[in-house]
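Please look at the sequence and the structure before reading on.

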Amino acid sequence: MLLCSTSAIAADVSQIAARVDRRYNHLRTLKAQFQESYNGAGLNRNETGELFLEKPGKMRWQYEQPAPKLFVVDGKNAFFYVPSERQARRMSAKKLDDFRSPMRYLLGHSKLQNEFNRLTISAEPPKQAGDVVLEGVPKRMEDRVQRVLLEINPAGQITRIRIEESDGSITEFNFSDLQENVVAKPDLFRFTPPAGVEVVEGQDVEP
């Protein structure tokens, strides 16, 4: 019975992952509103903004509340800019060790099961009725991340990502108003530093 149950779960995971793959791999662009929360290291942070994704591997996270900031991946480099700091940090997108990477890869004809180790159906309940929650550990981040939860709606869209790190900190992204194949101007994925803003090479460009 245990073997049958394990096989059934594996089949369900494969079907769910395939549904997500079909949904995202046919997309050219994706636009959504996001809410990001972080709890750890004595900090509790909640932010909201707008997300744009474009194939292959381009992202723009435009933070609006409580303070403006910008995180852009142009396919080659990643930039993080906070207007109040008058400085922008840059690093190679290939070296980007960031929780947003799974979203970026899903727009690059990848497969969800190739991005995670031990991907399975989570015991954690979904926030929305009818959704399903998968959990796994992102490959190449095993030393840092304990697990990642992906909430997936019946249409195969990822509506929530929850990252639980090994140090006990938790980051969660909730996505709403998802719009597929919208027109995205090329300038959205280019970072041009405003006058007087210095661009420095950084080891860490995560917001």
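Strand 1 (residues 29–40) and strand 2 (residues 43–54) run antiparallel and are joined by 12 bridges. Strands here are DSSP runs of E with at least two residues, helices are runs of H or I with at least four residues, and both are numbered from the N terminus. Two strands count as paired if DSSP finds at least two bridges between them. This is a predicted model, in which local features need pLDDT of at least 70 and side-chain atom pairs count only at pLDDT 80 or more, while totals for chains, interfaces and linings use all residues. Residues are numbered from 1 along each chain as its sequence is written, and side-chain values use heavy atoms, with hydrogens and water left out.

**Two hairpins**

Strand 1 and strand 2 form a hairpin with 2 residues between them. In the turn, alanine 41 has a positive phi of about 55 degrees. Strand 2 also pairs with strand 3 (residues 58–65), in the antiparallel sense, over 7 bridges. These two strands form a hairpin with 3 residues between them, and glycine 57 in that turn has a positive phi of about 75 degrees.

**Salt bridges**

A salt bridge is a side-chain nitrogen of Lys or Arg within 4 Å of a carboxyl oxygen of Asp or Glu. A search of the whole structure finds 16 salt bridges. The table lists some of them.

| Pair | N to O distance |
|---|---|
| Lysine 58 and glutamate 54 | 3.8 Å |
| Arginine 160 and glutamate 172 | 3.4 Å |
| Arginine 162 and glutamate 172 | 3.2 Å |

Lysine 58 counts as partly exposed because its relative accessibility is 26%, whereas glutamate 54, at 17%, counts as buried.

Arginine 160 forms a salt bridge with glutamate 172. This pair links distant parts of the chain, with arginine 160 in strand 10 (residues 158–165) and glutamate 172 in strand 11 (residues 170–180), 12 residues apart. Arginine 160 has 6% relative accessibility, so arginine 160 counts as buried. Glutamate 172 is buried as well, at 5%.

Glutamate 172 also forms a salt bridge with arginine 162. Glutamate 172 lies in strand 11 and arginine 162 in strand 10, so this pair ties together parts 10 residues apart in sequence. Arginine 162 is partly exposed, at 22% relative accessibility. A network of salt bridges links Glu124, Lys127, Glu135, Arg147, Glu151, Arg160, Arg162, Glu164 and Glu172.

**The whole chain**

The chain has 3 helices and 12 strands. Of its 207 residues, 48% count as buried. Contact means heavy atoms within 4.5 Å. Among contacts with a separation of 6 or more, 50% are between residues 24 or more positions apart.

**Confidence**

The pLDDT is the predictor's confidence in each residue, from 0 to 100. Its mean over the chain is 86, and 86% of the residues reach 70 or more. Where pLDDT is low, the predicted coordinates should not be read in detail.

How values were computed
Buried means under 20% relative accessible area, exposed over 50%, partly exposed in between (1.4 Å probe, protein chains only).
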